[in-house]
Amino acid sequence: MEESEEMIELYQGAEFRWSLHSHDLPGDSSTTLGRGGGKQYYELTFHKKHKEKAIRAYVPHILATAKEIRDKDSPLTIYMNDGAEWSPMDLNHPSTFDTLAMDNALKQSVIEDLDKFIKRKAYFKKIGKAWKRGYLLHGPPGTGKSSLIAAMANHLRFDIYDLELTGVHSNSDLRKLLIGMTNQSVLVIEDIDCTIDLKQRGGDYCTSSSSSSSSSSSSSSSSSSSSSSTKDDNNNKVTLSGLLNTIDGLWSTSGEERIIVFTTNYKDRLDPALLRPGRMDVHVHMGYCTTEAFRILVNNYHSIDYHATYPHIEDLMAEVQVTPAEVAETLMRSEEPDVVLHDLIDLLNSKKELLTESSATSASSKEEEDCDAAAEDCDDDNDDEET
């Protein structure tokens, strides 16, 4: 708008008039200067009978719309840790829930849970809990766990903090990283079972009885030295107890509106203390490619809803396991749907052949074991008759 220009907007039957003005502020270099010099501002005028509507509805509508525009125009940020410091860079991951290849019912449940979470600030305050939500994404490699995290961040418009535990030297550094996070963010720890040994909550407190007093006394000095060394090591590493306190203890209240995401390929390897509700509230199993996910992928890569090969491909997918990553890689080989879909059939047939061979080998091994067992029983019977 030009200075003194006006614009009229009708909102819910009321007329609101906007105009742009400026005025000089001598010596104030921090202001935004207009064309003629001075600070620019918008003036909003309306009939006094619309005052309540302006305050309670129209102005909040303007602010919410402005925030939505800013969020769409500005890229998200992903932070990586370097010791106890965060290093930022733009996050331009294109994954959204529309393009995510996963079961639609599961996808919808995640969306609804996220939408419910961000609207419950007053509820979390009322019940006396930190405003956070924990997700555990588990399943085989290549099933879309990282893509789901990006889709969650894009859906909420939250920045991502990608925490690499092997780069954190102590529990105190872990706390510093947590304090350094902003509100409305996603904390991600990928492959939690592989990045650091979190099997034990503390040191090994069990001791064996010595077989003799002499051996006990002779090892006392070395035990003392070892204990001191172990204590120093424990002070310079991240422990399971430290991680639990960070995500669920007093330090977890240092921020608001946070999503915490752990990923793992092997859920059964995790300490049960990590999995309980309140830490990991939602467990999402990212499984092998379903027919529904397959159709989403084909539509993403080739913009088609159906192909003559679909029934055959879906029959094969019911017999063998293939990851979404394997399907996506095949679909990217050519821009011709006919070519890539037949390549996918070849991939699925090769997996089926391997599965058949493996089953035949297992059956053959079982038959050999049964024959060996029968032969042993026959030998035992012969020995009994001779006796």
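Modeller: Let us begin with Arg-17, which forms a salt bridge with Glu-6, the closest N and O atoms being 3.0 Å apart. Please keep in mind throughout that this is a predicted model.

Colleague: Why is the contact of Arg-17 with Glu-6 called a salt bridge?

Modeller: The term requires a side-chain nitrogen of Lys or Arg within 4 Å of a carboxyl oxygen of Asp or Glu. The closest N and O atoms of Arg-17 and Glu-6 are 3.0 Å apart, so the pair meets that cut-off. Because Arg-17 belongs to strand 2 (residues 14-23) and Glu-6 to strand 1 (residues 6-11), the pair ties together parts that are 11 residues apart in sequence. The structure holds 10 salt bridges.

Colleague: How do you know that strand 1 and strand 2 pair?

Modeller: Pairing needs at least two bridges between the strands, and 6 bridges join strand 1 to strand 2, so the two count as paired, and they run antiparallel. Tyr-11 stands opposite Ala-14 in strand 2. In the hairpin of these strands, which has 2 residues between them, Gln-12 takes a positive phi near 50°.

Colleague: How do the residues that line the largest pocket divide by type?

Modeller: The lining of the largest pocket divides into 10 nonpolar, 11 polar and 3 charged residues, where Gly counts as polar. The space in the largest pocket is about 460 Å³, and of its 24 lining residues the closest to its centre are Leu-100, Gly-144, Ser-147, Leu-297 and Pro-324. Helix 4 (145-156), helix 11 (291-302) and helix 13 (324-331) each supply at least two residues of this lining.

Methods. Residues numbered from 1 in each chain as written. Predicted model: local features only at pLDDT ≥ 70, side-chain atom pairs only at ≥ 80, totals over all residues. Heavy atoms only, no water. 1 Å grid on protein atoms, 1.4 Å probe; cavity = no way out; pocket = protein on both sides within 12 Å on 5 of 7 lines; lining within 4 Å. Points joined across faces, edges and corners; volume = space filled by probe spheres on them. Helix = DSSP H or I, 4+ residues; strand = E, 2+ residues; numbered from the N terminus.
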